[in-house]
Amino acid sequence: MLTRIDHIGIACRDLEATVDFYSRTYGFQVFHTEVNQEQGVREAMLRINGTDDGQASYLQLLEPIREDSAVGKWLAKNGEGVHHIAFGTQDVDGDSEAIRDKGVRVLYDEPRRGSMDSRITFLHPKDCHGVLTELVTSATPGDQQTH
């Protein structure tokens, strides 16, 4: 069962400048940063608020570290902006299988490692009304900051 909007992923060309904008304009603070070599991105998670399930909602700012990464290709084609929406779930395996059974293409056969050691998979945007959709199971119960 999907329990929350986990994050909105935003592709950007300059991570520091984008973090600065969201910090100055909205007061959002960086909760976590990391480089994900597999996905070819540097990222910053800006915590927005807590949620009823004990987790949180975030903005995920993504700067490609390789032009051939999925975010790099998307940025070259579309420019900066919303890249995907992610829904939180306690069971990414079960929920992705249930969604696959409804005819939606799941992009990974098995969930992969995501931000903050979460487990993730993506749903094909052509099956989700043009929206790249991610399913996320957090690694830790509750909100634990890690940089």
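Analyst: What follows goes through the sheet, then the aromatic rings, then the confidence values.

This is a predicted model, in which local features need pLDDT of at least 70 and side-chain atom pairs count only at pLDDT 80 or more, while totals for chains, interfaces and linings use all residues. Residues are numbered from 1 along each chain as its sequence is written, and side-chain values use heavy atoms, with hydrogens and water left out.

The sheet comes first. Helices (H or I, at least four residues) and strands (E, at least two) are DSSP runs, numbered from the N terminus. Two strands pair if DSSP finds at least two bridges between them. Here 8 strands make an open sheet with mixed pairing, in the order β2-β3-β4-β1-β5-β8-β7-β6. Its edge strands are β2 and β6 (112–113), each of which pairs on one side only.

Strand β3 (residues 41–50) pairs with β2 in the antiparallel sense over 7 bridges. Across this pairing, Val35 stands opposite Arg42 in β3. The hairpin of β2 and β3 has 4 residues between the strands, and Gly40 takes a positive phi near 70° there. On to the next pairing: β3 and β4 run antiparallel and are joined by 9 bridges. Arg47 has Tyr58 in β4 as its bridge partner. These two strands also form a hairpin, with 5 residues between them, and Gly54 in the turn has a positive phi of about 85°. Strand β1 (residues 2–11) runs parallel to β4, with 5 bridges joining them. In that pairing, His7 stands opposite Tyr58 in β4. A pair of aromatic rings is described by the distance of the centres and the angle of the planes. Rings of Phe, Tyr and Trp (its six-membered ring) pair if their centres lie within 6.5 Å; planes under 30 degrees apart count as stacked, over 60 as edge-to-face and the rest as tilted. A search of the whole structure finds 6 such aromatic pairs. One of them is Phe21 with Tyr26, which is edge-to-face at 5.8 Å centre to centre and 90° between the planes. Buried means under 20% relative accessible area, exposed over 50%, and partly exposed in between (1.4 Å probe, protein chains only). Phe21 has 35% relative accessibility, so this residue counts as partly exposed. Tyr26, at 48% relative accessibility, is also partly exposed.

Another pair is Phe31 with Tyr58, whose centres are 5.4 Å apart and whose planes meet at 50°, so the pair is tilted. This pair links distant parts of the chain, with Phe31 in strand β2 (residues 29–36) and Tyr58 in strand β4 (residues 56–64), 27 residues apart. Both Phe31 and Tyr58 are buried.

Phe21 and Tyr26 also belong to one aromatic cluster with Tyr22 and Phe28. Elsewhere, the charged end of Arg112 sits over the ring of Tyr108, 3.8 Å from its centre. A charge sits over a ring if NZ of Lys or CZ of Arg is within 6 Å of the ring centre and within 35 degrees of the ring normal.

Last, the confidence. pLDDT is the predictor's confidence in each residue, from 0 to 100. The protein averages a pLDDT of 93, and 95% of the residues score at least 70. Over residues 143–147 pLDDT stays under 50, and the model has 17 contacts (heavy atoms within 4.5 Å) for this stretch beyond four places in sequence. Where pLDDT is low, the predicted coordinates should not be read in detail.
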